[in-house]
Structures are given as C-alpha cells and as structure tokens.
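Subject: Structure for you to look at

Hello,

Here is the structure I said I would pass on. Please open it next to this email and follow along.

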Amino acid sequence: MMVKWRALSMVFAAATLGAVAIQTTADAKDSALSTSGLPVPRYVSLKSDHVNVRAGPTKDNDVAWVYTKAGLPVEITAEFENWRRIRDSEGAEGWVYHSLLSGRRTAVVTMKAKDDFAALYDRADVQGTVVARLQAGVVMQVKRCAAGWCHVMGDGFDGWIEQRRLWGVYADEKVN
C-alpha cells in the first residue's frame, strides 16, 4: 500500500510541476505586449555574430544553439522581462536576451525549391530590368517596402524584389 501511495504522490508532484511550467510559459506569453511596448509578433535582426539561444527566458536555461551571423532576420513571438522568444526562417524557436537583437530590418530570400532564384529588379515592376538573381537563403537589408515590393541591399546588389519572396517582412507590410 505504501508503494502505491508513494507512486501516486510522485505522479501528483509531477503533474503539479508540469502545471507550474505551463503557467510560467503562459505568463511569458501573456506579458508580451506590456514588456517593451512594441507589437508582438514583429521582425528584428541579430545584432551580434554570437547569439546564444536558450530553452527558456533566463541565463539558467541551457543554450540550445548559437547563431554565428549578425544580421539574420528573426521574428519576436513573445517577451518576458528582458528576454525575447524568437523564431527563425526555418521555424526554430528559443529565447534570446533583448540586447542581442537589433531593430534593423533584414530579410532572407525564400523559394519553393532551393534551386530556384528570385529576380531582383531595377524598379518595383516585373517589367523592369533584372539586375540580379538571388538564391534561397541570401540575407539582405530591407530599405523600404510598399505595394508588394521591397527595396533591398546586400553584398554586391541593390534593387527591388517582390515582397512575397522574402521572410522577414509581413505580407503587405509597409516598411519605411
């Protein structure tokens, strides 16, 4: 009888701890709008060449992985105190300390097939001259977006790309 009671107590304790963990996550999500006063979700970029992504919103949480390229676009999906839960273009999520993020807008080319290329034009018009062809994964700075087009710049290119080809700006979002 004592063994059954001990097992039942352990199940109860585990269920209680699980509820606490769920509540903590819910608190972080619910406080998203009030922490920074900025909208959530929103796109930002990585400020540093070394950004630790953690399993939770404290330095006590394990580092899940490390980004090693500044400028990559990420989407903030939640805020908790000085921590931001981010998602990258491949869907990976984790927590980053706010000072490792920048408001500078960047984007990455996304294509249905990795072998496809996105045309970069000299103006915001498919009738314009193609000045470059960018493959999936190319990162660029977003200068402005309007009416389904974005003016972008990168290493060796400057031009206009259809907004739907980018991850890092929302559909029909205006960026100035």
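This is a predicted model: local features need pLDDT of at least 70, side-chain atom pairs count only at pLDDT 80 or more; totals for chains, interfaces and linings use all residues.

Residues are numbered from 1 along each chain as its sequence is written, and side-chain values use heavy atoms, with hydrogens and water left out.

Strand E1

Strands (E, at least two residues) and helices (H or I, at least four) are DSSP runs, numbered from the N terminus. Strand E1 covers residues 42-46, and five of the five are buried, so E1 is largely enclosed by the rest of the structure. Buried means under 20% relative accessible area, exposed over 50% and partly exposed in between, with a 1.4 Å probe and protein chains only. Two strands pair if DSSP finds at least two bridges between them. E1 runs antiparallel to E4, with four bridges joining them, and Ser-45 stands opposite Pro-73 in E4. Two bridges join E1 to strand E7 (residues 101-102), also antiparallel; here Leu-46 stands opposite Leu-101.

Nonpolar cores

A nonpolar core is a set of buried Ala, Val, Leu, Ile, Met, Phe, Trp, Tyr and Cys residues joined through side-chain atoms within 4.5 Å. The largest one has 16 residues, of which Val-109, Val-152, Ile-161 and Leu-166 touch the most other members. E11 gives the most to this core, with three residues. A second, separate core has 10 residues, including Val-51, Tyr-67, Val-74 and Ile-86.

Gln-163

Gln-163 lies in the loop between strand E13 (157-162) and strand E14 (166-167). Is Gln-163 buried or exposed? Gln-163 counts as buried, because its relative accessibility is 6%. Leaving aside residues up to four places away in sequence, Gln-163 touches Cys-145, Trp-149 and Tyr-170, among others; contact means heavy atoms within 4.5 Å.

The largest pocket

A pocket is an open set of points, on a 1 Å grid over the protein atoms alone, where a 1.4 Å probe fits, with protein on both sides within 12 Å along at least five of seven lines; lining residues have an atom within 4 Å of a point. The largest pocket has a volume of about 320 Å³, counted as the space filled by probe spheres set on the points. Of its 15 lining residues, the closest to the centre are Ser-89, Glu-90, Val-108, Val-109 and Gly-137. Strand E4 (73-80) and strand E8 (106-109) each supply at least two residues of the lining.

Regards
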